[in-house]
Amino acid sequence: MEKIASFNVNHLVLNPGVYVSRKDHFENVTITTFDLRMTAPNHEPVMNTAEMHTIEHLGATYLRNQPEWKDRVIYFGPMGCRTGFYLLLEGDLESKQIVPLIQELFVFIRDYEGEIPGATASDCGNYQDQNLAMAKYLANRYLENTLWNIKEENLVYA
């Protein structure tokens, strides 16, 4: 079998950032998959599932309600390796175009107070596996260390 695109990225030199992972074309529609890499793979500890689950709930809720982008959001969810998230958007897009959206998203998560959307037994299959405090910490870390002063090397795979 062919090695898939995401396994062809050198994870030994990959730093946190906002990367275009792939573009898929269906008739007249392009879907851009973004790699929102929050930790340096194989160099930093991975995120725990509870905080990733909270980021997923908050992120999906925010993105699907964001006025400018909500109709273009296909998917937001965690990477299996627990070093970041995938965001799929309709359109032939580049990383620079969505940096303001990703900054807004992680400010929302960092500043969130209250009940986690969808974190009830009737709404979620593992609703108790949540950690808002750590989700807020990780969102702030991503903002401070990567998103506020993002560089070209954090926008394009090496």
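1. Aromatic pairs. In this predicted model, the structure contains five aromatic pairs. Two of these pairs, Y62 with F108 and F106 with Y142, are described in the points that follow.

2. The pair of Y62 and F108. These two rings adopt a tilted arrangement, with 4.9 Å from centre to centre and 35° between the planes. The pair links distant parts of the chain, since Y62 belongs to helix α1 (residues 49-63) and F108 to helix α2, 46 residues apart. As to accessibility, Y62 has a relative accessible area of 17% and is therefore classed as buried, the limit being under 20%. F108, at 27% relative accessibility, is partly exposed.

3. Because F106 is in helix α2 and Y142 in helix α3, the pair ties together parts that lie 36 residues apart in sequence. Both F106 and Y142 are buried.

4. Packing of α2 and α3. Helix α2 (residues 95-111) packs with helix α3 (residues 132-147) at an angle of about 145°, and their axes are 7 Å apart. The crossing of this helix pair is left-handed. On the α2 side, the contact is formed by V99, I102, Q103, F106, V107, I109, R110 and D111. On the α3 side, A135, K136, A139, N140, Y142, L143 and L147 take part. By class, the contact residues comprise ten nonpolar, two polar and three charged.

5. Packing of α1 and α3. The axes of these helices come within 8 Å and cross at roughly 75°. The two helices are therefore roughly perpendicular to each other, a class that covers angles of 65 to 115 degrees. From α1, the contact involves E51, T54, I55 and L58; from α3, it involves L132, M134, A135 and L138. These residues divide into six nonpolar, one polar and one charged.

Methods: Residues are numbered from 1 along each chain as its sequence is written. This is a predicted model: local features need pLDDT of at least 70, side-chain atom pairs count only at pLDDT 80 or more; totals for chains, interfaces and linings use all residues. Side-chain values use heavy atoms; hydrogens and water are left out. Axes are lines fitted to C-alpha atoms, for helices over the stretch in contact, and angles run from 0 to 180 degrees between N-to-C directions. Helices (H or I, at least four residues) and strands (E, at least two) are DSSP runs, numbered from the N terminus. A crossing is left-handed if the near helix is turned anticlockwise from the far one by less than a right angle, and right-handed if clockwise. Contact means heavy atoms within 4.5 Å. Ala, Val, Leu, Ile, Met, Phe, Trp, Tyr, Cys and Pro count as nonpolar, Asp, Glu, Lys and Arg as charged, and the others, Gly among them, as polar. Rings of Phe, Tyr and Trp (its six-membered ring) pair if their centres lie within 6.5 Å; planes under 30 degrees apart count as stacked, over 60 as edge-to-face and the rest as tilted. Buried means under 20% relative accessible area, exposed over 50%, partly exposed in between (1.4 Å probe, protein chains only). Angles under 35 degrees count as roughly parallel, over 145 as roughly antiparallel, 65 to 115 as roughly perpendicular and the rest as oblique.
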